[in-house]
Each structure stands twice: as structure tokens, then as C-alpha cells.
Amino acid sequence: MRNVATLASGAALAQALPLLFAPLLTRLYTPADFGVLAVFVAWLSNLAVIATARYDMAVVLPRSEPEAARLMLLALAINTGLLLLTLPLFWPWHDAIAGLLGAPQLAPWLPLLPLGVWLAGAVAAWTAWNNRQRRYAANAQGRVVQSLGVSLLQLAAGWSGLAAGGLILSQLAGQAVALLTLARADVAARLPWLRGHDRAVLLADARRYREFPLVNTPHAFVVAFQDSLMLAMLSALSGAAIVGQYALVLRVLKLPAALVGQAVAQVVFRDLAEAASSGRALSGLLKRAVLVLSALSLLPFGVLALWGGPLFALLFGAPWLGAGEIAANLAPYFAAAFIVGPAFMVPMVIGRQRASFLFVLCGVIVNLAVFAAVYVAGRDAMLAFRVMAVVMTLYFAAYLAWVFRLLRLRERSDV
């Protein structure tokens, strides 16, 4: 609980900072500016999940430190290789790529995308490494520093009139500051655990944990790609205005809520891996995490569901009333995702990643298909968001029930 409190308090502060700055930023930037940032970040997130081939997620699993260090080295090497591969692609052909993505407004900023992906991959790797080393304070500080840095830089860029470019540059600078914060202990020690590894043993570890690049990477990519597809769908069906409104919801609600949920999930993942390696039951750990997150979710998501529209209009200005209405409609969906977050760690620990991937893939397909069908039928975005929220809440409940069933079967077989 102390470790959860350390990470959750850091994540909560990192969540509060954008909320504090948002009323200023929404008066310095237009919904269209936030729409450009949302599309850039969505594609960055899509590529970031494959940047390390998800070997960073495997870092907490081995019993031995040398094996964990080799997985960390694999993650960093693959991340750097992707940077070197994509830089020559994005610099000369950014206009053509922006056209293919259906986002020509991104063209001037696409050359920066490979750097952003590399930073995101390195941040993910060092977060996992610190998690293994129980440096929860460092992870909490990294989140806060990134959030504060991005907010201050975006504020300065907005006053300077840099528009969407200011939002994007500030996002990358915040990632760089976060990486320095997360890695400073290892950099100060000159990274001794990265040296002296045998290549044959390194390749053997890569094969041993091959489910992470082969199964977990597509799984994470599909989840991240969901937001990109939603933004593209909204842009095609409704235009840039509603994309900007939805982008604000992602910025001040979905992503911060995910940040707190992930903080708890990090600790739970470490504890689940430790419990599994020692043959202990896992269901109790997961149940406690779900109960803690359920209690944390009641007040904020309840308030949002009841008064989302007026609250957003008060905080961010009258033009953002639509964002508040979207947030109110999606509150049950966001609450369910927040509560069930730790359950997605379990299949990685017990070796059921393939089944989990299929479960998640079905959820993403149903989510987008339901939204598109309801919107096309009625041309009512708010109705489509409400129906999507109901469907996804039921989906998360089904996933949680499935995970607990897996754990009960596992524990019975161990008796």
C-alpha cells in the first residue's frame, strides 16, 4: 500500500497539473490546435508501444538481476534501432506520409515523430526498470516532472503564439525531462548493468520472452491504435471541431485517469510476478487493487457523469461545453477502464497473453463498430458516445470476470 501510495500520489499530482493549467491553455489555443496535438500524440503512442518490442514489460519477471538487465538492454537496443530506421523515412517524405494519414496539418511536425517515439520508448523502459528496483519515488518524480514541464512550456508557447507547434514541441521536451529524471541514478552509476553480456545468452533471452514482441506488442498496438481510429472517424464524420472537443477530454480526463490507474498497475504487476514465482495465490492481490481503484473512482467519475458539461464550460470556457458533455457520457467507460487496469497485468504473469490479445481485439472492434453504426444511423455524436460507454463498461466487466476465472482455475490446479 505504501508503494501504491507513492506512485498514485505522484500520478495524481501529475494529473492535477494539466487540469490546473488547462483553463489558461484553452484560452491560448483553439480546439483545432488541440486536435493537431491529439493526432500527433495518437500516432506517437501507436509507434511507442512497438518501440521496445515490449521487452520492457518483461523486465520485472525474471528472478535473476543479470537476466532482467539483458531484457532492459534488448528493449533499449530495439528502441534505438527503430529511431535509426524511421528518421530517414520521416524527414524527406513527411508531406506524403501526412497525406496518407489523412492529416496534412501534421506535415511540418512529422519529422519529430521518430524522436518522440524514441523518448517514449526509453521512458517506458526506465519506468519498468525502476519498478523492478522498487524505485517508486523516481517513477513518481518522473511523472510529475513531465507533467509540469509540458504544462509550463505549453503555456509559454501559447503566449508566444506558436499554436499547434508549441503544443507538440512542449510535449517532446517534457518527455526528455522525464527520461533524465527516471534514468539519473543509473546514469550517475555509468550504467554498469548494460555491459559485459554474452550475445548468445542475450538472443536466448529474446527467444524465451518472445511472447512479448509476438503477442503483447500487437495487443498494446491495437489498444493504442483505438484512439487514433476514433480521432480519424470523428474527423471524417464530424469535422475538426468535435475532434478538438474529444481531444480535450483525452487530455484532461482519459489520459490522466489512465496515469493513476497505471501507477497502481505497476506495483500490482511487480507483486503479481513475485507472488507467481514463489507459488502464491494471485487473486487476493488483484481483488485488493480493484477495490482500491473502485473506491478512488466513485467521487470524480460520479461528479463528471452528473455535471460534466457545466463543469467544463466553467473551467475551460463556454466553447468547451461540448467536451464536458462528451466526458459526462463517457464517464462510466473511463471509470471501468480505470478500475480494471490491473487485471490486464495478469495474463503476462500467468502466460495467457494470446487469449488476452484476442479478448482485447474483439473489444476494440466492437467499440469502434458500435460508435460508427450508432453515429451513422442517427448523426448524433452524443448518443453514439453514450451507447459506446455502455458497451465498453460491459466489456471491462466481462474481462475482469474472465481474469478472475483464470486465477481460480490456476489456484485449484495448484492445490
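Leaving aside neighbours within four places in sequence, which residues is Gln-175 in contact with? The structure is a predicted model, in which local features need pLDDT of at least 70, side-chain atom pairs count only at pLDDT 80 or more, and totals for chains, interfaces and linings use all residues. Residues are numbered from 1 along each chain as its sequence is written, and side-chain values use heavy atoms, with hydrogens and water left out.

Gln-175 has its place in helix H8; helices here are DSSP runs (H or I, at least four residues), as strands are (E, at least two), numbered from the N terminus. Beyond its neighbours within four places in sequence, Gln-175 touches Leu-44, Gly-116, Leu-119, Ala-120, Val-123 and Gln-146, where contact means heavy atoms within 4.5 Å. With a relative accessible area of 6%, Gln-175 is buried. The word buried stands for under 20% relative accessible area, exposed for over 50%, and partly exposed for values in between (1.4 Å probe, protein chains only).

Next come the charged pairs. Side chains of opposite charge can pair when their charged atoms come close. Seven salt bridges are found in a search of the whole structure, each being a side-chain nitrogen of Lys or Arg within 4 Å of a carboxyl oxygen of Asp or Glu. One of them joins Asp-186 to Arg-135, at 2.9 Å from N to O. This pair links distant parts of the chain, 51 residues apart: Asp-186 belongs to helix H8 (residues 163-188), while Arg-135 sits in the loop between helix H6 (113-132) and helix H7 (136-159). Asp-186 is buried at 3% relative accessibility, and Arg-135 is partly exposed at 25%.

Asp-205 and Arg-208 both lie in helix H9 (residues 199-208), three residues apart, or about one turn of the helix. The closest N and O atoms of Asp-205 and Arg-208 are 2.4 Å apart, and Asp-205 is buried, at 1% relative accessibility. Another bridge, between Arg-354 and Glu-211, has an N to O distance of 3.1 Å. It connects distant parts of the chain, with Arg-354 in helix H15 (residues 353-378) and Glu-211 in helix H10 (residues 211-238), 143 residues apart. Arg-354 is exposed at 53%, whereas Glu-211 is partly exposed at 24%. Through shared partners, salt bridges also join Glu-67, Arg-70, Asp-205 and Arg-208 into one network.

What about the aromatic rings? The structure holds 19 aromatic pairs. Rings of Phe, Tyr and Trp (its six-membered ring) pair if their centres lie within 6.5 Å, and planes under 30 degrees apart count as stacked, over 60 as edge-to-face and the rest as tilted. Tyr-209 and Phe-212 form a tilted pair, with ring centres 6.5 Å apart and planes at 50°. Both partners are buried, Tyr-209 at 13% relative accessibility and Phe-212 at 3%. The pair of Phe-359 and Tyr-399 is edge-to-face, at 5.2 Å centre to centre and 85° between the planes. Phe-359 lies in helix H15 and Tyr-399 in helix H16 (residues 381-414), so this pair ties together parts 40 residues apart in sequence. Phe-359 is partly exposed, at 23%, and Tyr-399 is buried, at 0%.
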